Amino acid sequence: MAPEQLDFISRSTLLFIASRNAEGQLDVSPRGGQPRVVGLSDAGDILLPDYRGNRRLDTVGNILARPDVALLFVNHEEDRYLRVSARASFSRAPEHMLAFPADENPPIGVLVLTPTAATMVETTAFDASGFWIDPDARKQPLDVLALVREDTGAVAEAGKGPILKNNSEEDLLLSSGMRDVYGFPSQLVREKVADFAGPGAMTFLRDAGLIALAREDEAGEIVMDLVGEAPLQPVPGSNSIAYRLALPAGFSILDTGEIALLTLAPGRHELVRMNGRYERAPEPATASDSLRIRPDEVFFHCSAAMGRARIWNDDERTYWSGQRRFVCTRRIDEAPGVVSFVVEPQDAAPVGTVKPGQYISVSLPTDPTPLPRRRSYSVSGRPDDRALRFTVRRIGKGGVSDLLHDSLQLGDDVSIGPPNGHFVLQSPAGRPVVLISAGVGITPLLPMLETLAAESGARDVWFVHGAANSGHHLFAAEVARISAGAKGPRIRPFTAYSRPHEDDHADHTGRIDAEVIAALVPPADADFYICGPGDFMTGLRDGLVARGAAPDSVRFEAFESADPTALFAAKGPASAAVRFAKTGKEAVWTPESGTLLDLALVNGVDVAYSCRMGDCQSCLQRVLEGGVTHPALEGPQPGRGQALLCQAIPSGDVTLQC
């Protein structure tokens with residue numbers, strides 16, 4: 001493959017894969033992932049992870065019968081796509097599985113795709129369908145279960161039944177062992193397929209102007225394209241239900257054949273899939289060419305692909321979701337009661353970038369509580385691109401900090417959540433920056449200092465740190481090393497000791513306040529980043545603003561404020577009764593229980609989930625009684641009577657459908 005094509009693949013977070021069964025019936029399925037949807041092996045294969053889904057196994061079953069597939073890669077806000085033809089096989093080999101994060105939603109298997117051809121295609125389909133929308137135009141999730149029930153009722157009224165998978169496909173999945181790996185689909189998934197679009201699907205189709213379609217060319221190879229001329233339309237007066245698909249001028253397609261397509265609506269995660277046979281429409285006088293499609297199968301696809309792809313979010317890549325398995329490779333005693341831990345992932349997937357100032361959530365598999373407690377700690381350093389360092393002060397009272405100090409040793413497993421937080425370095429080039437910390441609040445400021453030191457342009461940077469004395473002065477040697485190696489900025493360390501030893505040397509004796517800072521730099525001229533105890537930060541902020549600093553130039557974060565338990569305690573009840581209707585299980589939620597997804601999993605409730613970030617919507621459940629809130633969810637809120645379990649907590653006693 002050409003370098004431009006490989007680069008396109010390496011940046012893509014969304015693809016569509018087309019396959020066909022032994023009888024030649026085509027299927028198109030979506031796949032999404034971060035920081036890219038596939039991996040690339042040293043041998044030149046494309047590695048597509050296959051995650052827990054609806055268990056229909058259309059793609060997996062098809063490649064067992066016919067391994068030739070077609071891929072269509074999409075990239076964020078680009079008006080082109082990449083078509084790839086490939087040979088596919090299924091693998092669970094360690095070298096393939098470990099290419100992806102061993103987090104809370106690891107792949108079940110990997111499709112190994114060996115490319116045979118690739119073509120870059122410029123398209124007007126995205127523009128014509130209005131597909132690329134602003135992040136704030138994303139839509140709340142549909143109540144797909146209600147729509148499917150509506151369509152199922154329409155099928156029954158028409159005197160028809162559901163379209164089931166044919167026996168030969170299911171026999172192949174059973175004999176190959178794929179059902180042992182994936183399990184069986186629910187009754188709803190098995191029976192939601194019909195041979196026409198019911199009223200629920202038609203409501204969706206009216207807004208679904210971007211269509212990914214697959215068909216065969218003259219050589220019998222699968223070809224995929226995107227079209228965006230118009231949504232599918234029912235053909236009026238047809239003897240059997242058929243749909244018209246408008247095509248762009250000059251579109252290359254045979255006069256008749258098998259076809260598969262999926263329809264996408266801007267801002268929605270849900271899809272409608274259709275396959276069947278087509279023929280060129282008999283109306284030659286239409287402004288554009290069109291197809292007449294008689295479907296064999298039509299059904300809603302509640303895919304996690306669009307959420308995983310984050311195709312309508314700001315284009316910031318995430319490298320894993322949920323808690324990921326790391327191992328402790330170093331343990332460093334920094335000062336009395338303060339220890340740094342260096343950890344690396346157990347898998348071979350990249351760790352990715354960490355913005356200077358971000359934190360990670362940390363838990364231990366050996367935590368004796370039913371749900372391992374999670375606490376958030378700033379990333380205090382990156383020893384290399386595979387490693388993270390976080391620094392923990394022992395709090396006492398038997399909390400997570402005590403557990404880490406007492407239990408986490410070299411070679412031990414530790415679970416790490418993806419980098420998060422908005423307390424990050426953002427300052428215009430050349431503007432003075434003042435980094436101010438007290439005690440272990442220094443930790444998020446160290447990566448900021450290192451980032452500033454690597455700049456080529458000139459600016460003044462003050463690094464102000466307060467400690468009791470030299471025995472409690474964290475990272476003094478590291479700050480000196482970074483400062484001495486600065487390229488463009490002039491870095492000025494400034495130390496304040498509140499209780500110095502007799503032989504200590506500090507720039508200031510006493511506590512740091514706004515008066516001390518104002519003597520270093522005019523507050524109106526600089527950006528300030530502050531981390532430490534709450535009263536320390538608020539006092540500095542108020543004092544600096546009173547001395548002329550712009551309020552938005554003073555940023556601060558308590559280094560323990562990211563504890564989700566504290567957020568849930570502030571936003572939710574002290575306790576609530578939670579009933580899971582389908583399974584009949586009941587549990588009591590408290591802020592220490594985590595999200596409703598955490599509570600469900602701890603109590604053995606089998607629920608679908610994927611990204612754990614509130615994006616993929618795969619954990620969406622109906623609220624039958626009571627209510628929920630989503631205290632940390634950014635983006636579209638679920639509709640009334642719906643809960644995204646990975647972000648939801650109860651607002652009182654609640655009954656969920658699962």
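Contact here means heavy atoms within 4.5 Å. This is a predicted model, where local features need pLDDT of at least 70, side-chain atom pairs count only at pLDDT 80 or more, and totals for chains, interfaces and linings use all residues. Residues are numbered from 1 along each chain as its sequence is written, and side-chain values use heavy atoms, with hydrogens and water left out.

I start with Leu 172, in helix α6, residues 167-176. Helices (H or I, at least four residues) and strands (E, at least two) are DSSP runs, numbered from the N terminus. Not counting residues up to four places away in sequence, Leu 172 touches Gly 61, Leu 64 and Ala 65. Leu 64 is 108 residues from Leu 172 along the chain, with 7.5 Å between the C-alpha atoms. Is Leu 172 buried or partly exposed? Leu 172 counts as partly exposed, because its relative accessibility is 28%. The classes are buried under 20% relative accessible area, exposed over 50%, and partly exposed in between, with a 1.4 Å probe and protein chains only.

Next, the cores. A nonpolar core is a set of buried Ala, Val, Leu, Ile, Met, Phe, Trp, Tyr and Cys residues joined through side-chain atoms within 4.5 Å. The largest one has 32 residues, and Leu 232, Leu 245 and Ile 293 have the most contacts inside it. Elements giving two or more residues to this core include α5 (144-157), β12 (256-264) and β14 (290-301). Apart from it lies another core, of 29 residues, among them Ala 70, Leu 72, Met 224 and Met 306. Leaving aside neighbours within four places in sequence, the contacts of Leu 245 include Val 227, Leu 232, Asp 289 and Ile 293.

Now charges. The structure holds 37 salt bridges, each a side-chain nitrogen of Lys or Arg within 4 Å of a carboxyl oxygen of Asp or Glu. Lys 165 and Glu 169 form one, with the closest N and O atoms 3.1 Å apart. Both Lys 165 and Glu 169 are buried.

Another salt bridge joins Asp 598 and Arg 374, at 3.8 Å from N to O. That pair links distant parts of the chain, 224 residues apart: Asp 598 is in helix α17 (residues 596-602), and Arg 374 is in the loop between β17 (359-363) and β18 (375-381). Asp 598 counts as buried, at 6% relative accessibility, and Arg 374 as partly exposed, at 22%.
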